[in-house]
Amino acid sequence: MKAVIVLSCMEVILILCGGVGLCLAPELLLTKILFLAALAGQGAILILAYQQKNIMRFLIAENKRKNTEKRKNVYWEEDENQKLEVMKKRVELYTLQSQINPHFLYNTLDSIRGRALLDGNREIASMTEVLSRFFRYCISCDESLVKLREEISHIEDYYYIQKYRFEDRFDMVIEIESGEVYEYYIPRMTLQPLVENAMIHGLEKVNRKGLLKIRCIATEKKVVLTVSDNGVGMDVEQLDKLNRQMDKMLLSGKKRKNHSGIAVSNVNARIKMTFGEEYGIRYRSMENMGTDVEILIPVVDDFARARYEERIV
């Protein structure tokens, strides 16, 4: 008990000394004050306050860091939005640059067809009729999703036109699982870029008789379209590179050097943005054997069509 009283007296004396010293010499270092206070039994309180002060400093610094990161994220989002706006403007520009007056085109083709019929040239008349129907399908913006039946009919017109160029160098075979599949919807202009690639990059480069095959099967929830050719094919490195490009899902505004048309990467991106990441285009190929291009999309009937129509680009 006496020891406690003596210790308490010592604490009071040391605290008073520390207080007097602090008043007379305010330049004393904080560590000295803490040392004296600790000896007086009050050091723990002051140390806790000192630690709390450091904690506050840390919290303030952490808060500033987070605010800085938030500002950076805001700047990043603004930058991304600006990039998207630039891309949107570019797409609009490409659209304007590529616009054709459809009525002028159709009227011109109809005039050529009429003159050909008057001259008895039924081959030219037939060619211009198919060409007119082909352009109507390409230019039309009435529907973004079309029935498979319409897309297949468009491919048959495209093949008819290309036969004038390639003559009898290859044949085309179309195999549809059932009549019901013809009534499912797919994005407009899905097959033509793939058929075009197969003709130009696959079949045109081989000396043997070429075969282009389009197959379509459907499960309860998915439709699988396959465009196959027995052309030059690809090695493993080319195949991996192409499939990685398909995984990136990028819309490309670049024109192809060898020929015009819609890039396959754009078709793939449209499918993914419309139906989801699990859908899209994949390649299978063997060098000197040919290439299979598989398109995976969901089953879209008349009931599901409206849900996807507003998403498609």
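Biologist: How many aromatic pairs does the structure hold?
Modeller: Seven aromatic pairs, where rings of Phe, Tyr and Trp (its six-membered ring) pair if their centres lie within 6.5 Å. This is a predicted model, so to speak of local features takes pLDDT of at least 70, side-chain atom pairs count only at pLDDT 80 or more, and totals for chains, interfaces and linings use all residues. Residues are numbered from 1 along each chain as its sequence is written, and side-chain values use heavy atoms, without hydrogens and water.

Biologist: What about Tyr160 and Tyr164, stacked or edge-to-face?
Modeller: Their ring centres are 5.8 Å apart with the planes at 70°, so that pair is edge-to-face (planes over 60 degrees apart; under 30 is stacked, the rest tilted).

Biologist: Where do Tyr160 and Tyr164 lie?
Modeller: Both are in helix α6 (residues 148–166), four residues apart, about one turn of the helix. Helices here are DSSP runs (H or I, at least four residues), numbered from the N terminus.

Biologist: Is Tyr160 buried, exposed or in between?
Modeller: Tyr160 is partly exposed, at 31% relative accessible area, and Tyr164 is partly exposed too, at 36%. Buried means under 20%, exposed over 50%, partly exposed in between (1.4 Å probe, protein chains only).
Modeller: Phe275 and Tyr279 also make an edge-to-face pair, 6.4 Å centre to centre and 75° between the planes; both are buried.

Biologist: New topic: how do α4 and α5 cross?
Modeller: The axes of α4 (residues 102–118) and α5 (residues 122–139) come within 7 Å and cross at roughly 165°. Axes are lines fitted to C-alpha atoms over the stretch in contact, with angles from 0 to 180 degrees between N-to-C directions. The two helices are therefore roughly antiparallel (over 145 degrees).

Conventions: Angles under 35 degrees count as roughly parallel, over 145 as roughly antiparallel, 65 to 115 as roughly perpendicular and the rest as oblique.
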